[in-house]
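Hi,

Here is the model I promised to hand over. Have a look at it first, and then read on for my notes.

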Amino acid sequence: MNKVDYLRISLIDRCNFRCQYCMPEGAELDYILRQQLLTAEELLTLIREVFIPVGFTRFRLTGGEPLLHPQVVEIVRAIASLPQTQDLAMTTNAFLLANKAQNLYDAGLRRINISLDSLDPEVFDRIVGSRGRSRWQQVWDGIQAAHRVGFDPLKLNVVVIPGVNDCEVLDLAALTLTRYWHVRFIEFMPIGNSQLFGDRGWVASAELRQRIRDAYGLVESQVRGNGPADVFQIPGAKGTLGFISQMSECFCDRCNRMRLSADGWLRPCLLNEMGQIDLKSALRAGVPTDEIRDRVTQLLTLKSDINYKQRESGTSAGTYARTMSQIGG
Ligand code: SAM
């Protein structure tokens, strides 16, 4: 079994975007009440006294939109300064990044993944639900700021939706020709907007690779991530292309992660809603952290991953109660 040492932490379940595939405009979302969110102190206590002692050394801050968390820079600084932290990264939509990039870098953040589903401002705004105000330029400015400040690697995440942005795959891949950026294509999953998924379906990574290979050529990259992406490169390109194929492949055998929601539920696998345990209630009820540690160790021992094809077994109701924004995508 893989060593599970990577924790994805959802700092907040709210987001300033309404991406069609994640938390579409008009969808009823039960936000976590403020008093139910883990406080920064509780989060840091769990990291120091529970997660690090059981072997977690790599952390990613996500959401919702992590940059909406009022203490995001302080949280970065606190985690980055722990001697056991080997890696600290963030996934963001970059809308608020331009002004925060330098502070985050100075606080110790080095790696950042930015969601960018389109290079066409109109398509982008349609995807993220712009509410009458274009968001693309501010996101692009955020990406440029991250680049200037020195985030390395800088990864761009693209969820490919047929008939929406799949026609841009070659343009997005071409970003890597002259930049040391990593563009990662993610297969669309039926979490968040199953209706859109039902209407549009998803594109297999193998098909995207073929399209890119036909246009530019494609070789396996020497650069290896330690996550689920299969990494390739256009010959001579500076950056790489990653393919995250959770719909067409099973990579449970490579899984090295767990997810902590903003209200303190620890989930052993993205698709395993039944197996999660409530750490916040335990902490607030005064359960000693060494006992919480034992519960996490037990979950680690059992860690039951669920492949997409067996996903029904991960829920009690047949559909997932929480979207990516709530789980910490
Ligand atoms: N707000 C941040 C952002 O936009 O990157 C972080 C949270 S977002 C939930 C994290 C990632 O989940 C994004 O890269 C997003 O594209 C991905 N995601 C959300 N819903 C998805 C779905 N149904 N299928 C595949 N990826 C999804």
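Which polar backbone atom is 2.8 Å from a nitrogen atom of the ligand? The one that belongs to Met 189. That pair is a polar contact, meaning N or O atoms within 3.5 Å of each other; within protein, one atom must be able to donate a hydrogen and the other to accept it, and residues adjacent in sequence count only if both atoms are side-chain atoms. The protein covers 95% of the 550 Å² of accessible area that the ligand has on its own. Accessible areas were computed by the Shrake-Rupley method with a 1.4 Å probe, and for residues only the protein chains shown count as cover.

Before the rest, a word on ground rules. This is a predicted model, where local features need pLDDT of at least 70 and side-chain atom pairs count only at pLDDT 80 or more, while totals for chains, interfaces and linings use all residues. Residues are numbered from 1 along each chain as its sequence is written, and side-chain values use heavy atoms, with hydrogens and water left out.

**Around the ligand**

Tyr 21 has a polar side-chain atom 3.1 Å from a ligand oxygen, and Asn 157 has one 3.4 Å from an oxygen atom of the ligand. In total, 20 residues surround the ligand, and the closest are Gly 64, Glu 65, Ser 115, Met 189 and Ile 191. (A residue counts as near if one of its heavy atoms lies within 4 Å.) Sorted by class, that shell holds 8 nonpolar, 10 polar and 2 charged residues. Here Ala, Val, Leu, Ile, Met, Phe, Trp, Tyr, Cys and Pro count as nonpolar, Asp, Glu, Lys and Arg as charged, and the others, Gly among them, as polar.

Which elements each supply at least two residues of the shell? They are strands E2 (58-63), E3 (87-92), E5 (154-160) and E6 (181-187), plus helix H11 (324-327). Helices (H or I, at least four residues) and strands (E, at least two) are DSSP runs, numbered from the N terminus.

**The overall fold**

The protein has 11 helices and 12 strands. There is an open sheet of 12 strands with mixed pairing, in the order E7-E8-E9-E6-E5-E4-E3-E2-E1-E10-E11-E12. Its edge strands, E7 (219-220) and E12 (277-278), each pair on one side only. Two strands pair if DSSP finds at least two bridges between them.

For a parallel example, take E2 and E3, which are joined by 4 bridges; Arg 60 stands opposite Ala 89 in E3. For an antiparallel one, 3 bridges join E8 (residues 230-233) to E9 (residues 240-244), and Asp 230 has Phe 243 in E9 as its bridge partner.

As for size, the C-alpha trace spans about 60 × 45 × 45 Å along its principal axes. A compact globule of 329 residues would have a radius of gyration near 20 Å, and the protein's 19 Å agrees with that. The radius is taken over C-alpha atoms, and the globule rule is 2.2 Å times the number of residues to the power 0.38.

**What is buried**

Of the 329 residues, 59% count as buried. Buried means under 20% relative accessible area, exposed over 50%, and partly exposed in between (1.4 Å probe, protein chains only).

E3 is largely enclosed by the rest of the structure, because 6 of its 6 residues are buried. Asp 87, Ala 89 and Thr 91 point one way from E3, and Leu 88, Met 90 and Thr 92 point the other way. Helix H1 (residues 40-51) is largely enclosed too, with 9 of its 12 residues buried; among them are Glu 42, Leu 43 and Phe 51.

Most residues other than glycine have a negative phi, and most peptide bonds are trans. Three places here go against that:

- The peptide bond from Asp 152 to Pro 153 is cis, with omega near 5 degrees. Pro 153 sits in the loop between helix H5 (136-149) and E5.
- Ala 94 has a positive phi, near 70 degrees. It is in the loop between E3 and helix H3 (97-107), and it counts as buried at 0% relative accessibility.
- Arg 131 has a positive phi, near 50 degrees. It lies in the loop between helix H4 (121-128) and H5, and at 49% relative accessibility it counts as partly exposed.

Cheers
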